[in-house]
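Have a look at the sequence and the model first, then read the points in any order you like.

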Amino acid sequence: MPEFRYSPILPAGRADIPMRRLDIGGVSTAVAEVAGTEREFLTIAPSTFAELAATAFKEISHYLRSDHLTSLRSILDDPAASANDQFVALDLLKNAVVSAGEVLPMCQDTGTAIISAKRGPNVLTDGRDAEHLSRGIHSAFADLNLRYSQLAPLGLFEEQNTGTNLPAQIEIGLDPEEDYELLFMAKGGGSANKSFLYQETKSILDEQRMLDFLAEKISALGTAACPPYHLAVVIGGTSAEAALKTAKLASAHYIDDLPAAGDPATGHGIRDREFEEKVFELTQNLGFGAQFGGKYFCHDVRVIRLPRHNGSLPVALAVSCSADRQLVARISRDGVFIEQLEHDPARFLPAAGTAEEIESGEVTRIDLDRPMDHIRAALSRRGVGDRLSLTGTMIVARDIAHARLREILERGEELPAYFRDHPVYYAGPAKTPEGMPSGSFGPTTASRMDTYVRGFQQTGASLVMLAKGNRSQQVTDSCAEFGGFYLGSVGGPAARLAADCIKDVEVLDMADLGMESVWRIRVEDFPAFIVVDDKGHDFFARSPDTGLLLGRTRTRADGTTI
């Protein structure tokens, strides 16, 4: 047996990131004798944790990292990017500018509050760190125009919104460094739902087999979580949950400094930058692009290899979406510091002429206040992949409202007329700022409503749907049978939609559901694309011989078009 050696499984160094000092007190030092040795301790007051958490969640609700914005801008400057890649990237940059006004959060799903922290050996607190951090989260979600998304279980099948966005996910571990480091994340349901675990075997530990495996699994991510993604792939892990947690940290670029080479004595994890480039190239050839076809399905890829039990090979995938919300904070004897996010995103916007050129092109205007048969006839004259501008009235309904509407059908009653007379937008708004018609109000993941579609459409309801991401075959089949349409909205620019496109919002039905109520909204120049039409065509359909079928453009698996 070799001699004892130790390394943490993730031996990533402290990242050299730009930090700014906060005007938060409650940090001091104290000297005490421990086991005959005098030691200096860092003491942190409960209020420090609360103020830091409140500040951090405000920051990540409204601002992004500079390198994320740089990556978006590079899409605009890339002549090989598709027109739709550039359209989505420009919309996301505009959204960042609106969000930076600190009124409308960048995404309507302001997320589960997640904190991963490490405290040094000479840090003294009252031991209730998670409680004090939770108090700060409570304050942020109460004071800002955010959304409450956490449901408390009342029983096995009953649940109720907590109305505070608590509880948070808070994990605090030990670290040999002298300070207290925290990673703050806001994880919306769309990107959280794209974390996957696969239990594989050594048979895929071969470059080509691994690439083939990842091509299939990454394709299955789809576009519902608002690409371009920061994608993380973790191969191995001492347990399934270790693989998944590492993938989440890697998607946040938190463990970028892992070594490139392994050590048979300690078994620590490594980062493979060369394989990252191969996986990134793979994602560019899938055809999904930045939501509506192209090469920018991902901004970048992280590939982490972990130790494993010889009978197990977990493989985890995770993404950080267009709402790339995280920052690092540190508390030291010098004070309280947070990562410097980009507070001037407007500097990443292109010149006016370039922006107008990207937004130009053939756009069909659809009057949503016309009878439903007229709306469907207008859509039927267009093809999948065509860009639309929507103006008029829509209703808004998502998961819980759909469940209640199905209960109406199951009782043998008719669905409300509004569900037949207007297109339905799958969404749930954040809080409405004073003086504005709407809070951030972007689309939610369409696939969560797939199982309802056929039952509704066969009664003449839900014939025009608007949301984000791809749909299942059962939705395509139902639209072909009953003359329905699914329109895709750009996922991500919730603040811009609220500021520019949504003109009036009122609760129409099921007011007790809060943000999950049925709403009536009026929109102007709301951008959308035809994704599924009444002829059974799906913009994201796949074929064994041609790969992804993007509208009228067929794309091979290797990225070439025919």
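1. A word on the basis. This is a predicted model, in which local features need pLDDT of at least 70 and side-chain atom pairs count only at pLDDT 80 or more, while totals for chains, interfaces and linings use all residues. Residues are numbered from 1 along each chain as its sequence is written, and side-chain values use heavy atoms, with hydrogens and water left out.

2. Helices H13 and H14. Helix H13 covers residues 450–457 and helix H14 residues 473–482; their axes come within 9 Å and cross at roughly 15° (axes are lines fitted to C-alpha atoms over the stretch in contact, with angles from 0 to 180 degrees between N-to-C directions). H13 is therefore roughly parallel to H14 (angles under 35 degrees count as roughly parallel, over 145 as roughly antiparallel, 65 to 115 as roughly perpendicular and the rest as oblique). On the H13 side, Asp450, Thr451, Val453, Arg454 and Gln457 meet Gln474, Val475, Ser478, Cys479, Glu481 and Phe482 of H14. The residues of this contact divide into four nonpolar, four polar and three charged (Ala, Val, Leu, Ile, Met, Phe, Trp, Tyr, Cys and Pro count as nonpolar, Asp, Glu, Lys and Arg as charged, and the others, Gly among them, as polar).

3. Helices H3 and H9. The axes of H3 and helix H9 (residues 352–359) are 9 Å apart, and the two pack at an angle of about 130°. That angle makes H3 oblique to H9. Gln86, Phe87, Leu90 and Lys94 of H3 make the contact with Ala355, Ile358 and Glu359 of H9; four of the residues are nonpolar, one is polar and two are charged.

4. Helix H15. Why is H15 (residues 494–501) largely enclosed by the rest of the structure? Because six of its eight residues are buried (under 20% relative accessible area, with exposed over 50% and partly exposed in between, using a 1.4 Å probe and protein chains only). The buried residues are Ala494, Ala495, Arg496, Leu497, Ala498 and Cys501. Their cover includes helix H3 and strands E19, E22 and E23.

5. Phe57. This residue sits in helix H1 (residues 46–62) and is buried, at 1% relative accessibility. Leaving aside neighbours within four places in sequence, Phe57 is in contact (heavy atoms within 4.5 Å) with residues including Ile114, Ile137, Phe184 and Met185.

6. Ser219 belongs to helix H6 (residues 207–219) and is buried, with a relative accessible area of 13%. A polar atom of the Ser219 side chain lies 2.6 Å from the backbone oxygen of Ala215. Thr364, in strand E17 (residues 363–367), is buried too, at 17%; Thr364 touches Arg382, Arg387, Leu388 and Ser389, not counting residues up to four places away in sequence.

7. Backbone details to check. Cis peptide bonds join Leu166 to Pro167, with omega about 10°, and Pro227 to Pro228, with omega near 10°. Pro167 lies in the loop between strands E7 and E8, and Pro228 in the loop between H6 and strand E11. Glu102 is not a glycine but has a positive phi of about 65°, and Ser462, also not a glycine, has one of about 55°. Are these two buried or partly exposed? Glu102 is partly exposed at 31% relative accessibility, whereas Ser462 is buried at 1%.

Methods: Helix = DSSP H or I, 4+ residues; strand = E, 2+ residues; numbered from the N terminus. Polar contact = N/O pair within 3.5 Å; in protein donor to acceptor, adjacent residues only side chain to side chain.
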